[in-house]
Amino acid sequence: MIKSFSFFYITILLLIVGVSCKNNRNDNLEFEKIDMNASKVCSNNGFDLSSNVKMFDSEEMKLDNLVLLGKIWGFLKYRHPKVCSGKLKWDEELFQFLPVYLEVTNKVRRDEVLLQWINSYGNLEKCQTCVEVDSKAVLKPNFTWINNLESNLAKKLWKIHENRHQGPQFYVREVSYGANNFDFTNEELYTTFQLPDYRLRLLSIYRYWNIVEYFYPHKHTIGEDWDKILRKYLPKFANAKNRLDYEVAMVQLISETKDTHNQLFESNSVLAKKRGEFYPPFRTRFIEGKLVVTDFYVPESQRPQKIEIGDVLTHIGKKTVKSIVDSLLEYYPASNSASKLRDIAKDILRSNKRELEIKLISPTKELRSTIRLFPKDSLEMRWYAGNKKGYRILTDKVGYIKLSTVSEGFLKNIHNTFKTTKGVIVDIREYPSSGAASLWSYFIPPKTEFVKFTIGNINNPGEFNFTEPKTIQKYSENTNVAIAPYGGKLAVLLDENTQSLAEYTAMAFRSGKKTTILGDTTAGTDGNASLVFLPGGLMTQITGIGVYYPNGNETQRIGIVPDVKIKPTVKGIRKGRDEILEKAIDLIK
């Protein structure tokens, strides 16, 4: 079974592993390095990264040259045998080369300097196992830029590609959770670097851009040419005047991947502090294009007077909700508009103030109110407000299972509870528990194909190929539990909170002949996530494998498309109705 990490589980992972190397920085904030790998070091190995280096002006920095340098640096990082073996500290090689390179004033001299730099790493032994890209590859490395170079430089790069490193690398290795994604190890975090230092800002964009270039399975879904993204963002990183500017440029760059997995973690983030440390006592959600109060996180005694579930917020402070949303769109990485608005709704009332003025309306009132905000850890925040019981009978013919609360030990009880029902509703409108997979073969015949992956080729970074389709496994083969398969209908509930492993689980259930998927657009991001470490102690992640239906249809950005599309309404929220659940009950009955 694929092990697909949600943002929640990554956060738990960081809490478990702890932090080290605390450093006081020039912006008076403390940043911590996550000790994910013993080989990572906290120092900069003695290399001078003081901030007294002359800043370059983005209009004078010869953008074409810096774009090319970023591509060649990444090409060598993941292909040159001497770099891949870890014999060179590749960041420092970039830092040492930059002063010479930035003095180049014409294209001929540029190519000469680059060729001399590459030649300084010695001759290559002939590769005996390097093969051409698989003709059936879903994604292939993009080397069109090499053909536009001066012939000697182009020949040198092609020779490196033809004799590239094979097998595990120093800066990247394969990890497997039933499918393979990549682990980006041995990256320096530079927790003590002083801004503004142009070399580390260049390193940051070069590192991230090349990881996406060679190890992101959905580069083809980004929309805009990834080469153009490098050119677009180099000036933003060059002009960053402080830590906040740097993080804003980074989150905008990450957003260009259009992937809900690919978030900038809030740990060590100045941007997170800027967004605010205090949250409203209620949950909001965009429904029918309106920001609606859907749940309270605090006891009734702490709830704002006169604010009710179903109220629509129109203003925050003196700004309209629409204008605030429009200003935030580029700072929230997401696969589709549903998951982008979901995440904005979580933050839109967030503030560093303890109180916030809002305006809201309902059928019976129009109200301006000042609400109190709370520290996050004092609120019972959750993705979906629903019954917390794992499974129950809704009517004499309809059963209900909430997958976020199901454990493996529930299987026998679920079977006994639902054996006389006409159908069962499985609710995946939040992240499923680890025991959810134990139900797959209860509802779906074993050996049913439901998914296949694309995985990267570490021997030719940038190449992704399909695996064979995966099938439903018979759960009873791994235990002593002998459970007869369920014979009734299955209705599966989805919405924008159905993400990653939840979407994967929905694909498994969809493979059944008696399954109907109901609800709305899911988050559109699935597959194992790989951590990415960036200068300044920042962390993000990328989706590491592609997830497809057995027939090759994509799920990335598309999500799991419902058979019966139904959305909640403001009117239904006000009446306390769960319209998606109601539709599923009707369908089964």
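**Loops, helix packing and aromatic pairs in a predicted model**

Lys306 is found in the loop between strand S7 (residues 290-296) and strand S8 (312-316), where helices (H or I, at least four residues) and strands (E, at least two) are DSSP runs numbered from the N terminus. The structure is a predicted model, in which local features need pLDDT of at least 70 and side-chain atom pairs count only at pLDDT 80 or more, while totals for chains, interfaces and linings use all residues. Residues are numbered from 1 along each chain as its sequence is written, and side-chain values use heavy atoms, with hydrogens and water left out.

Phi of Lys306 is near 75 degrees, which is a positive value in a residue other than glycine. At a relative accessibility of 61%, Lys306 counts as exposed, given that buried means under 20% relative accessible area, exposed over 50%, and partly exposed in between (1.4 Å probe, protein chains only). A positive phi, of about 55 degrees, is also found at Glu288, although Glu288 is not a glycine, and this residue belongs to the loop between strand S6 (282-287) and strand S7.

For the protein chain as a whole, the secondary structure comes to 17 helices and 24 strands, and 57% of the 589 residues count as buried. Contact means heavy atoms within 4.5 Å, and among contacts between residues at least 6 apart in sequence, 74% join residues at least 24 apart.

Two residues illustrate such surroundings in detail. Leu360 lies in strand S10 (residues 355-362) and, at 0% relative accessibility, counts as buried. Although Leu360 and Asp311 are 49 residues apart along the chain, their C-alpha atoms are separated by 6.4 Å; when neighbours within four places in sequence are left aside, the contacts of Leu360 include Ile307, Asp311, Val312 and Leu313. Ser407, by comparison, is placed in the loop between strand S14 (398-402) and helix H13 (411-418) and is partly exposed, with a relative accessible area of 34%.

Helix packing was examined around helix H7 (residues 198-215). The axes of helix H2 (residues 63-77) and H7 come within 9 Å and cross at roughly 60 degrees, where axes are lines fitted to C-alpha atoms, for helices over the stretch in contact, and angles run from 0 to 180 degrees between N-to-C directions. H2 and H7 are therefore oblique to each other, since angles under 35 degrees count as roughly parallel, over 145 as roughly antiparallel, 65 to 115 as roughly perpendicular and the rest as oblique. The crossing of H2 and H7 is right-handed; a crossing is left-handed if the near helix is turned anticlockwise from the far one by less than a right angle, and right-handed if clockwise. Residues making this contact include Leu66, Leu69 and Trp73 of H2, together with Leu202, Tyr206 and Trp209 of H7.

The axes of H7 and helix H8 (residues 226-238) come within 10 Å and cross at roughly 160 degrees, which makes H7 roughly antiparallel to H8. H7 passes H8 in a right-handed crossing, and among the residues that meet are Leu202, Ile205 and Trp209 in H7 and Trp226, Leu230 and Phe237 in H8.

The structure holds 29 aromatic pairs. Rings of Phe, Tyr and Trp (its six-membered ring) pair if their centres lie within 6.5 Å, and planes under 30 degrees apart count as stacked, over 60 as edge-to-face and the rest as tilted. The rings of Phe443 and Phe509 have their centres 6.0 Å apart and their planes at 85 degrees, so this pair is edge-to-face. The pair links distant parts of the chain, with Phe443 in helix H14 (residues 440-443) and Phe509 in helix H15 (residues 501-510), 66 residues apart. Phe443 is buried, with a relative accessible area of 10%, and Phe509 also counts as buried, at 0% relative accessibility. Phe453 and Tyr504 form a stacked pair, at 6.2 Å centre to centre and with 25 degrees between the planes. This pair, too, links distant parts of the chain, 51 residues apart, with Phe453 in strand S16 (residues 449-456) and Tyr504 in helix H15, and both Phe453 and Tyr504 are buried. Elsewhere, ring pairs link Tyr78, Phe182, Phe184, Tyr214 and Phe215 into a cluster.
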